[in-house]
Amino acid sequence: MTLTTFLKATTAASLVLAANTALADGHATHPETGEALATEQTFTYRVGDESPSYDPGLTEDVDGSAVVRDLFEGLMNQDAEGNLIPGVATGYEVSNEGKTYTFTLRDNAKWSNGDTVVAGDFVYAWQRAASPELASPYAWYMELMSIENGADVIAGDKPVTDLGVSAPDDTTLVVNLSQPLPYFAQMVVHATTFPVHQATVEEFGSDWTSPENIVSNGAYKLSEFVPQEKLVRVRNENYWDNENTIIDTVTKLVITDENIALTRYLAGELDQTDVPAGQFPRLSAERPDEAVSVPSACSYYYTINMTDTTNPALKDVNVRQALSMAIDRDVIVEAVLAGGQKPAYTFTHWATAGFETPDTPIAGMTQEERNAKAVELMTAAGYGADNPLDLNLIYNTNESHKSVAIAVSQMWKQTLGVETELANQEWQTFLETRGNQDYEIARAGWCADYNEASTFLDLMQSDSGYNDAKYANPRVDELMAEAKTSDNPQAAYTEVEQIIAEDLPIIPIYHYAEVNMQNAAVGGWPFTNFQQNWYSKDLYKIAE
């Protein structure tokens with residue numbers, strides 16, 4: 001992927017837009033599709049809970065990242081198919097045997113206050129994200145990127161100025177890696193790598209992202225934020241490609257109850273909402289143009305506390321194996337969820353680019369065989385009718401998570417006699433509880449930060465920031481290190497998946513599908529982007 005290719009693509013897109021803007025039936029038309037556009041260009045969608053932060057250096061959840069992609073722009077973006085396209089950078093060159101990436105920044109990128117976006121803004125943001133002072137939940141991501149001295153900076157053993165990123169001039173960003181990383185360019189689409197406005201951060205501290213203070217460089221500005229209620233963003237007139245943006249206002253509403261959200265969608269108050277568990281077949285029959293299910297780069301699993309604070313029974317691999325085998329994943333995806341999800345017997349999503357799903361013993365068994373083996377394992381661990389096992393399972397507040405938890409607890413009860421106490425927690429509290437290992441078994445989900453198997457399997461490394469099980473296996477660490485420098489890492493990924501299937505620090509349950517009700521008038525949604533990374537600047541409302 002060369003600088004020339006990116007420049008040609010950008011120039012061609014601008015020419016197409018300039019040549020095709022017209023009016024039809026009183027409406028502007030879309031420059032590429034020719035569709036008549038609605039007079040009012042707004043997009044309103046629902047999320048289930050508030051995100052912990054909208055600071056690129058602190059963002060850690062999927063919903064928060066969607067907001068950050070609107071407010072800020074990184075070096076590269078993705079198109080509707082998930083391919084890399086120019087962002088603040090018009091392109092990049094790779095040298096030094098794959099260990100140096102040189103990004104060329106456009107000279108017309110602006111911050112929302114009119115300041116020019118320069119390479120030094122990225123240097124500051126990356127150093128800040130890796131700094132022990134910020135304590136970013138995604139600091140480990142900077143190490144995964146193999147940035148030179150990343151691990152030492154994050155650990156506090158070297159100053160942030162030693163991080164392998166520099167700005168020789170305002171439009172050149174140079175990144176030095178400790179080793180070649182074939183998928184490095186994909187990683188700069190992630191929010192942690194986005195620039196931040198140094199003067200604003202330093203002036204306002206932790207309040208710098210509030211609407212009255214924030215300075216951002218994305219296609220949108222933050223205009224209103226009411227925590228646990230709504231977040232509104234409006235077009236940023238200083239965005240370098242503002243003239244090609246169509247949606248004027250984007251509103252995120254926090255609606256905890258999925259069924260209430262669906263009612264509001266059906267009443268026309270929302271353009272998009274999740275489909276409640278089990279309702280997709282009915283809704284797709286009633287509203288086939290609005291009910292959508294496509295593969296999504298996320299895996300749903302239960303993480304098991306492997307530390308000394310856990311239930312002692314969970315330290316026994318026989319118990320963990322039994323719990324996994326007693327879960328009828330077909331029932332979960334076909335009867336409980338019924339939205340196109342697929343059973344998971346590996347952590348890595350089946351549709352991940354270049355990944356071949358390995359065989360695991362449990363995947364080749366019938367559910368009857370799994371149940372029989374589960375009883376055998378639980379008996380060997382000393383639990384049964386005379387000595388039933390009691391467990392606690394937590395999940396963040398969400399009707400679908402509740403439905404899955406109830407179903408799983410019933411399966412454990414019927415097959416193994418396990419009594420499970422279920423508890424739900426508000427999202428931020430839940431993240432803290434799980435991150436502090438103040439749990440026995442917890443619901444978890446992981447969505448790919450980039451389209452390569454390591455985005456899942458790196459979580460199983462002993463030093464991963466999101467290894468909430470606190471699982472440690474030297475062989476896994478060794479294999480994942482080898483995979484980063486391998487031309488064909490599949491063998492390493494296969495062995496890691498097989499080790500996970502044997503040790504079971506996590507119990508994979510299903511691979512996600514994006515299951516939504518979406519206003520048919522909304523165009524430009526990236527249904528074929530496996531990561532479902534969407535940008536409001538690419539959306540538009542079609543005239544009725």
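A residue counts as buried when its relative accessible area is under 20%, as exposed when that area is over 50%, and as partly exposed in between, with a 1.4 Å probe and protein chains only. By that rule A199, at 48% relative accessibility, is partly exposed. A199 belongs to helix α7 (residues 198-204), where helices (H or I, at least four residues) and strands (E, at least two) are DSSP runs numbered from the N terminus. Between A199 and H401 there are 202 residues in sequence and 41 Å in space, taken C-alpha to C-alpha.

The model is predicted, so local features need pLDDT of at least 70 and side-chain atom pairs count only at pLDDT 80 or more, while totals for chains, interfaces and linings use all residues. Residues are numbered from 1 along each chain as its sequence is written, and side-chain values use heavy atoms, with hydrogens and water left out.

**An enclosed helix**

Helix α2 (residues 62-71) is largely enclosed by the rest of the structure, because eight of its ten residues are buried. Those buried residues are G64, S65, A66, V67, V68, R69, D70 and L71. Their cover includes the strands β3 (42-47), β10 (220-226), β11 (230-235) and β12 (249-254), contact being heavy atoms within 4.5 Å. At the start of α2, the backbone nitrogen of G64 has a side-chain oxygen of D61 within 3.3 Å.

| Helix pair | Angle | Axis distance |
|---|---|---|
| α11 (residues 329-337) and α13 (residues 399-416) | roughly 135° | within 11 Å |
| α10 (residues 317-325) and α17 (residues 490-503) | about 100° | 8 Å |

Axes here are lines fitted to C-alpha atoms, for helices over the stretch in contact, and angles run from 0 to 180 degrees between N-to-C directions. Angles under 35 degrees count as roughly parallel, over 145 as roughly antiparallel, 65 to 115 as roughly perpendicular and the rest as oblique.

The contact is formed by V331, I332, V336 and L337 of α11 together with S403, V404, A407, V408 and M411 of α13. By class, these are eight nonpolar residues, one polar and no charged, where Ala, Val, Leu, Ile, Met, Phe, Trp, Tyr, Cys and Pro count as nonpolar, Asp, Glu, Lys and Arg as charged, and the others, Gly among them, as polar.

At an angle of about 100°, α10 and α17 are therefore roughly perpendicular to each other. Their contact brings together V317, R320 and Q321 of α10 and A501, E502 and D503 of α17, and these residues divide into two nonpolar, one polar and three charged.

Notes:
Polar contact = N/O pair within 3.5 Å; in protein donor to acceptor, adjacent residues only side chain to side chain.
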